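Dear colleague,

My notes come after it, arranged by topic.

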Amino acid sequence: MFTLAEVASLSDIQPTYRILKPWWDVFMDYLAVVMLMVAIFAGTMQLTKDQVVCLPVLQSTVNSKAQPDTAGKADFTTVETTTGQEEASMRTVPFESTPTVIPEVLLSRATSSQYQPTESNQEVKKEQQKDSSGRKTNLDFQQYVFINQMCYHLALPWYSKYFPYLVLIHTIILIVSSNFWFKYPKTCSKIEHFVSILGKCFESPWTTKALSETACEDSEENKQRLTGAQSLPKYVSTSSDEGSPSASTPMITKSGFKFSADKPMIEIPSVTILDKKDGEQAKALFEKVRKFRAHVEDSDLIYKLYVGQTVIKTVKFIFILCYTANFVNTISFEHICNPKVEHLIGYTQFECTHNMAYMLKKLLISYISLICVYGFICLYTLFWLFRIPLKEYSFEKVREESSFSDIPDVKNDFAFLLHMVDQYDQLYSKRFGVFLSEVSENKLRGISLNHEWTYEKLRQHVSRNAQDKQELHLFMLSGVPDAVFDLTDLDVLKLELIPEAKITAKISQMTNLQELHLYHCPAKVEQTAFSFLRDHLRCLHVKFTDVAEIPAWVYLLKTLRELYLIGNLNSENNKMIGLESLRELRHLKILHVKSNLTKIPPNITDVAPHLTKLVIHNDGTKLVVLNSLKKMTNVAELELQNCELERIPHAIFSLSNLQELDLKSNSIRTIEEIISFQHLKRLTCLKLWHNKIVSIPSSITHIKNLESLYLSNNKLETLPAAVFSLQKLRCLDVSYNSIAVIPVEIALLQNLQHFHITGNKVDVLPKQLFKCVKLRTLSLGQNCITSIPDKVSQLLQLTYLELKGNCLDRLPATLGQCQLLRKSGLVVEDHLFDTLPSEVKEVLNQDTGIPFANGI
């Protein structure tokens, strides 16, 4: 035998699943346990006491039953006329069966009971006293045992025999149906994960802290309103893009460039730093919740399975109720048995009593009652399942109570699980919603960040850049540590890959800050911080993937002098430039755009009146439309690099104030249009390097004021005499071409200070080259030069001489007469340097503190 506890364990589930068991599931589980008890009790009684007791129905008895007036009067004379021969034959039949104890008194009682079933035990005893001889039936004890067992199977209805087993089977099916969604692998894994996360979120110290902080914020805001906080000055303020009202200070956002202050700036009491272990656990929970939501919201399998098992239980209830009601009346105390063994017994009909009939009937009625209650609960469950959309869950109430307005609504299985949890305790959803809020996550990150990045640690990361300015570069942090704003002597602040960067009012302490870099960092700025940046920031670098990532407040920095935009400015199909109006940048002087433009953004013309330098690096995309350049009348420096230009754009010829033009890394083959540069009276620097130019037209002589000409990395083979007519030329760079001869006319360039012809095919240096006595930089490397003339000594101002990569076998001793030349400025092979006299080496090795300059 098995115990009740073992059977009850069939309906048991893990204790952690109790939060997903609404009251109806719990009630049905208890009903199932009671039905199990009914089945076990009935089965136990049936195994130990279930039997029938049968007596033969005599012929005279049958006749008397047909006459109601004489019912109950036995004709014993008929029984006694039975011949002895029949009695002897009956007794000779062997039987081997388990003996059943049947007292003689019981035999006589059973015979009389079929006529007087309602008599009491006292009346039976009186009758026995009157007729102590009993009723003679000519049957032995073994024959009665045989008939009892045979009639148990023939006369007793099947439902009376199998009732306990049916109840047990039905109950097990109902138990399985109730808990199948906890066991099915595809749902079990999600449920286990959900219960685990929910429990950790409920018990996490961060949950209590976040909820208490929002309550504190609400109370502070109400207090501030009551004391006249609304009278504070307003400029620009908004919350983050998610619209969370829980931030301590309003934030600036883009909304058609119209800003309004929704709330005043409120100082929130400082919060206690979480224990490091609790903080790490909370951060892990945020990540788990995010991944679990993405995994669970993609299907509604749990919901469908729960609905399916509820429908199965309802159908099962209807089935049980229908067929059980038909068998209630079949359970009876009296049964007629016709075993068809007259040749063995001598009797054709027996009347039997079923001693378990009364008990089974009571148990059956109890079972029907339980099933009815179970069924009504199933119907209620179906009503609940279809009454509201359980595949949608709104945190509206939680948002109102917790002030986390960014908690998203969820759907599908995630929503259904939360609806089930609400039936257990709605507090679980409220505390769980904290881990769905990005505002809550950002707060946690901020606390952990400030705990990790202290003032001392940040000070260790401050360095000096090339301009000798103090610079701090923060990379891939969860936010901007508060201690950053305590570095009051910082000049440059770089923020890279910090998606939740927030610049607070404390930045106003950084009075030396003039340069800010935002690399993939759409920083949000508080009102006071924006006012400081608007009045103090001079240089801003913004690197982005999409133009929408450019913070809206960037377009409002009216004192900004330099703006560097690096990213994709074109929208879909390159049909529209996404850059917003730059009209508010009234003091902008330098605009650097590195993108993939097909035309000059028309918004750039907003700053045309005061823009002095425009740089466009186009990353290989062909720049087709350049008409907007005509409006840049005050531009002094223009760079159009890597724009796939094939000719010099005509729009450039309208820039009367242009002083420097850089067309580096294009596809320019011919520069015949250079004659039009004669109208650009202020043009002093022309950079046409890294193109495909094959010749220099003679019209270059018309650029009278040209001081620097860069033609390196082209396909030039000769230098025309027209180049040497540019008397003001101070820098000439023709490196990495195919030039074989340096024309003697170079002597005309008396103002030449920097000459670069590295990477060509020059084999002889003309003596006229050394008449350019103002030369400071001379690059002759990677040519075919075999000797250096002694007249190099005439270059008294020479500070840099490159000779490496030629065919030299010695260096002239006259190099020692180049007073400003030192070994650090002499680029040559070591073995050639060793050919110099020792006294020359000593001169070249002297350190006079002359700064190195190459002019490029």
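What follows is a short account of what was found in this structure, going from the whole chain to single residues.

**The chain as a whole**

Please keep in mind throughout that this is a predicted model. The chain has 856 residues, of which 49% count as buried, and its secondary structure comes to 23 helices and 24 strands. Among contacts between residues at least 6 apart in sequence, 58% join residues that are at least 24 apart.

**The disulfides**

The count of disulfides comes to two, and, with the bonded cysteines counted along the chain, they follow the pattern 1-4, 2-3. As a reminder, a disulfide is a covalent bond between the sulfur atoms of two cysteines.

One of them joins cysteine 54 to cysteine 352, with a distance of 1.9 Å from S to S, and this link is right-handed, with 110° about the S-S bond. Because cysteine 54 lies in strand β1 (residues 52–56) and cysteine 352 in strand β3 (residues 350–354), the pair ties together parts that are 298 residues apart in sequence. Cysteine 54 has a relative accessibility of 1% and therefore counts as buried, and cysteine 352, at 2%, counts as buried too.

The other disulfide is formed by cysteine 151 and cysteine 337, whose sulfur atoms are 2.0 Å apart, and here the link is left-handed, with -85° about the S-S bond. This pair also links distant parts of the chain, since cysteine 151 is in helix α8 (residues 141–154) and cysteine 337 is in strand β2 (residues 334–337), 186 residues apart. Both cysteine 151 and cysteine 337 are buried.

**Helices and their packing**

How do the axes of helix α10 and helix α17 cross? The axes of α10 (residues 185–203) and α17 (residues 412–424) come within 12 Å and cross at roughly 55°, and the two helices are therefore oblique to each other. Their crossing is right-handed. On the side of α10, the residues that take part are Lys190, Ile191, Phe194 and Leu198, and they meet Asp413, Phe414, Leu417, Leu418 and Val421 in α17. Sorted by class, this contact has seven nonpolar and two charged residues, and no polar ones.

Glutamate 660 lies in strand β17 (residues 660–662). Is glutamate 660 buried or exposed? Its relative accessible area is 18%, and because the cut-off for buried is under 20%, glutamate 660 counts as buried. Leaving aside its neighbours within four places in sequence, glutamate 660 is in contact with Ala636, Glu637, Leu638, Leu683, Cys685 and Lys687.

Leucine 490 is placed in the loop between β7 (470–475) and β8 (492–496), and at 0% relative accessibility leucine 490 counts as buried. Not counting residues up to four places away in sequence, leucine 490 touches Val462, Gln470, Glu471, Leu472, Met510, Asn512 and Leu513. Leucine 490 and threonine 511 are 21 residues apart along the chain, and their C-alpha atoms are separated by 8.3 Å.

Arginine 730 is also found in a loop, the one between β19 (708–710) and β20 (731–733), but at 38% relative accessibility arginine 730 counts as partly exposed. Arginine 730 and leucine 752 are 22 residues apart in sequence, and from C-alpha to C-alpha they are 4.0 Å apart in space. Not counting residues up to four places away in sequence, arginine 730 touches Glu707, Asn751, Leu752, Gln753 and His754.

With kind regards

Technical notes:
Residues are numbered from 1 along each chain as its sequence is written. This is a predicted model: local features need pLDDT of at least 70, side-chain atom pairs count only at pLDDT 80 or more; totals for chains, interfaces and linings use all residues. Side-chain values use heavy atoms; hydrogens and water are left out. Axes are lines fitted to C-alpha atoms, for helices over the stretch in contact, and angles run from 0 to 180 degrees between N-to-C directions. Helices (H or I, at least four residues) and strands (E, at least two) are DSSP runs, numbered from the N terminus. Angles under 35 degrees count as roughly parallel, over 145 as roughly antiparallel, 65 to 115 as roughly perpendicular and the rest as oblique. A crossing is left-handed if the near helix is turned anticlockwise from the far one by less than a right angle, and right-handed if clockwise. Contact means heavy atoms within 4.5 Å. Ala, Val, Leu, Ile, Met, Phe, Trp, Tyr, Cys and Pro count as nonpolar, Asp, Glu, Lys and Arg as charged, and the others, Gly among them, as polar. A disulfide is a pair of cysteine sulfur atoms within 2.5 Å. Buried means under 20% relative accessible area, exposed over 50%, partly exposed in between (1.4 Å probe, protein chains only).
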